Every structure is written in C-alpha cells, then in structure tokens.
Amino acid sequence: MPLRTTILLIALLTLPASIGNAVEITFEKAVLDKTFRSEGVGLGDVNRDGKLDVLAGEVWYAAPDWEMHELLPPGKYNPAKGYSQTFANFSCDVNRDGWIDSVITTMMGEPSRWYENPKGKPGHWKVHIGTRSACNETPLWADLLGNGKPVAIWGVQPEGYVAWFSLPDDPAKQWNMHIIGGPKAPGSERFSHGLGVGDINGDGRNDVLVREGWWEAPEDRKKNNWTFHKANLGPPCADLLVYDVDGDGDNDVITSSAHEYGMWWFEQKSDDGAVRFKQHTIAKDFSQVHALRLADINEDGIQDVVTGKRYFAHNGNDPGSREPAVVYWFEIRRPAKGKVEFVRHLIDDDSGIGTQFEVADINGDGKLDVATANKKGVHVFLQQPQ
C-alpha cells in the first residue's frame with residue numbers, strides 16, 4: 001500500500017457575499033512511488049475494471065491501491081544528475097482494440113512512442129513509433145478539433161514544422177502529420193518553450209499558440225500552413241492556456257516561466273480588429289513552473305489554474321531549485337466587472353510537478369483530483385468531500 005498523508009489545506013474560498021460563508025478544500029496525498037520514473041503522467045483504465053489507473057513511463061499503478069506493474073523494464077534514473085525516458089505521458093486506444101495504450105514523448109527531438117496494451121496478458125508491452133520527432137518542451141495531447149478526441153501537437157525536426165497528428169488506419173504505421181506551420185516555424189525547435197491550443201479569434205475553432213504568436217485554424221484543419229499572427233506572449237514558457245480570464249467575452253492567455261520565476265496572464269485587446277495582448281503578473285515567487293492545467297477546482301463555474309514547481313528541472317541548476325517543491329491551485333475570482341484576482345491555495349510542498357501532469361476525477365466521486373510524476377516520484381492528490 002502506498003504511503004497516504006492527509007493534507008489539510010488552509011484554503012478558505014470566499015464565496016459571493018450573498019452566500020456569506022467559506023468552504024475549506026482538502027486533498028489526500030497518496031505517494032504511489034518515491035522513485036524517479038517519469039516527468040509526465042497519464043490516466044486511463046488500463047485493466048478495464050472501471051477505475052482510472054496511473055501511467056508513468058515504464059510502469060503503471062492500478063487503482064485504487066496503486067499496485068505497480070511494469071510496461072517495460074524500468075529504467076534507473078538519477079534525479080540529481082540526469083533525466084528519464086519519459087517527458088510526457090498520455091493515454092489513448094491507439095490501435096482501437098478497446099484497450100488503453102500509453103503514449104509518451106521522450107527526450108525532445110527523438111521519436112514519440114506508444115506502448116501497446118497486451119489486453120491483460122502477462123509480459124511487457126510492445127513498443128511502436130508514433131511520430132519520427134517530437135520537439136518543444138510542452139508537447140500537447142489536446143482537443144484541437146473540438147470533437148472531444150485529443151490529438152498530438154508538437155514540433156518536428158529537422159524541417160522545423162509545428163504539426164498535429166491523426167492516427168492512421170493501420171496502427172503499425174507512423175501517424176499522419178498535418179503541418180500547421182513551417183518550415184522553421186517558431187516553437188518547432190528541439191528545446192522550444194511554449195505551446196498551447198484554444199480559440200483566440202472567437203470563430204469557434206481552436207487555434208495553436210506559441211509565445212511568438214498564433215496560427216489561425218482554417219475550417220479544414222488538415223490544410224497545411226495555417227495563417228500565422230505575430231504576438232508577444234512573454235518569455236520562454238510552458239503551457240499557453242487559453243481562457244476568458246476577465247469574463248469580457250474574448251479569450252486571454254495564461255503562461256508561466258519553465259525555468260525561472262513567474263506566472264502571467266495576457267489580456268486580449270483589440271485595435272481596429274487586430275488582436276494584441278496586455279501582460280499581467282500572477283506570481284513571481286516560485287520557479288520552474290513547467291506545466292499548467294485549467295480546472296474548476298471549487299466548482300464555482302470559473303476555471304482555476306493548477307500548477308507547481310518542476311523539481312530539479314535542470315538537476316538543481318535553475319533559480320530556486322532547492323526551494324520547496326510546491327503544488328498549487330490558483331482560484332480565479334472576478335470581484336467586479338473588469339477586475340481579476342488569482343488567489344493561491346497550497347496542495348502540497350514536497351512533491352512538485354513535472355513537464356506534464358493531469359487533473360481529473362480519478363476516484364469517481366465527482367471532485368477533481370491531481371496526478372503528478374517527477375524526480376520526487378509519483379503522486380496522486382484526491383480532493384476530499386466537504
């Protein structure tokens with residue numbers, strides 16, 4: 001059984017004045033593993049028992065007791081000196097056989113892989129190549145097409161494409177590449193920082209963002225070389241979250257510094273129809289904020305931001321590396337028209353995040369939970385009933 005520690009978070013959420021009370025949100029921390037397995041984590045019902053399991057590189061953990069199982073022989077990774085073979089981990093039934101497979105990206109620029117679920121049979125999983133290259137330090141598995149079916153989005157070298165990928169009819173073949181921008185597109189470099197998906201121009205289609213601007217999605221998303229609009233979305237970052245932060249009807253962008261200090265939101269403005277962004281600071285007192293997720297943690301109808309510190313991102317050589325490995329959620333409040341507040345709530349101060357993590361209702365109780373994997377191990381934070 002994993003070590004479980006109930007974390008009482010002093011997270012008093014001020015509800016509207018008409019309600020006039022406060023709600024305390026608490027999480028239970030489950031330490032699935034203290035070994036460095038992966039910098040990304042996936043969720044999926046691996047064994048088809050109706051429960052969400054956790055995938056982290058070469059292993060997976062079966063809910064609800066989190067017993068570890070091997071997908072492949074686990075690597076031995078030194079958290080102080082090196083990296084794992086998994087930087088992002090997603091789940092998908094790639095070969096459409098009814099069983100969840102594991103999709104990973106490894107060191108940036110190398111091929112992405114998918115591990116074929118043996119359908120409950122013993123033994124290690126078969127390894128396949130998904131794409132010949134996966135660049136950018138924030139590879140995405142996102143609902144680009146707006147149909148509820150996430151697709152892979154990342155850079156491709158050596159040409160320098162930013163592309164999305166559809167699954168081929170023959171699962172043994174590499175995935176179908178659809179070029180969004182390139183060659184030599186911003187965000188396509190091996191160690192580029194910053195990638196996002198969301199509807200910037202309000203036409204109902206999800207666009208693709210890098211910190212230098214955004215590609216406008218055409219009606220036919222399989223069309224190559226989308227129209228690019230330049231913009232300044234700040235310094236090197238991680239996820240670019242697209243959300244109407246201030247509630248004024250157009251979408252804004254939330255970013256963070258992957259290796260230094262800082263989180264920001266960029267308010268969308270319009271000058272004679274041309275989109276521009278005004279930068280606002282959210283926080284600047286914790287570093288290595290290498291992944292972000294939108295989620296309505298307190299169920300008030302407004303999305304919140306879940307994030308934290310990527311522990312020892314560059315093996316202790318980044319600013320603030322030895323500061324607490326925090327996990328936070330930032331409540332977005334709109335106290336008055338045009339006013340926005342980001343209210344910070346601590347989830348944990350001894351785990352952190354990796355380069356990718358997940359927020360979902362893991363135990364099926366209707367509350368959103370958090371799963372992480374990084375150099376401090378693999379963790380699940382289960383939101384407790386109020």
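Mentor: A strand is a DSSP run (E, at least two residues), numbered from the N terminus. This model is predicted: local features need pLDDT of at least 70, side-chain atom pairs 80 or more, while totals for chains, interfaces and linings use all residues. Residues are numbered from 1 along each chain as its sequence is written, and side-chain values use heavy atoms, without hydrogens or water.

Trainee: Which strand supplies the largest share of the lining of the largest pocket?

Mentor: A pocket is an open set of points on a 1 Å grid over the protein atoms alone where a 1.4 Å probe fits, with protein on both sides within 12 Å along at least five of seven lines; lining residues have an atom within 4 Å of a point. Here S13 gives the largest share, four residues. S5 (42-44), S9 (88-92), S13 (135-142), S17 (196-198), S21 (241-243) and S25 (293-295) each supply at least two.

Trainee: Which residues lie nearest the centre of this pocket?

Mentor: Trp141, Ala142, Asp143, Arg293 and Glu358, out of 26 lining residues.

Trainee: Is threonine 307 buried or exposed?

Mentor: Buried means under 20% relative accessible area, exposed over 50%, partly exposed in between (1.4 Å probe, protein chains only). Threonine 307 sits in strand S26 (residues 304-308). Its relative accessible area is 0%, so threonine 307 is buried.

Trainee: What is threonine 307 in contact with?

Mentor: Contact means heavy atoms within 4.5 Å. Beyond its neighbours within four places in sequence, threonine 307 is in contact with Met263, Phe286, Val289, Ala291, Leu292, Val327, Tyr328, Phe330, Ile353 and Phe357. Now try valine 306. With such neighbours again left aside, its contacts include Arg293, Trp329, Ile347 and Val370.
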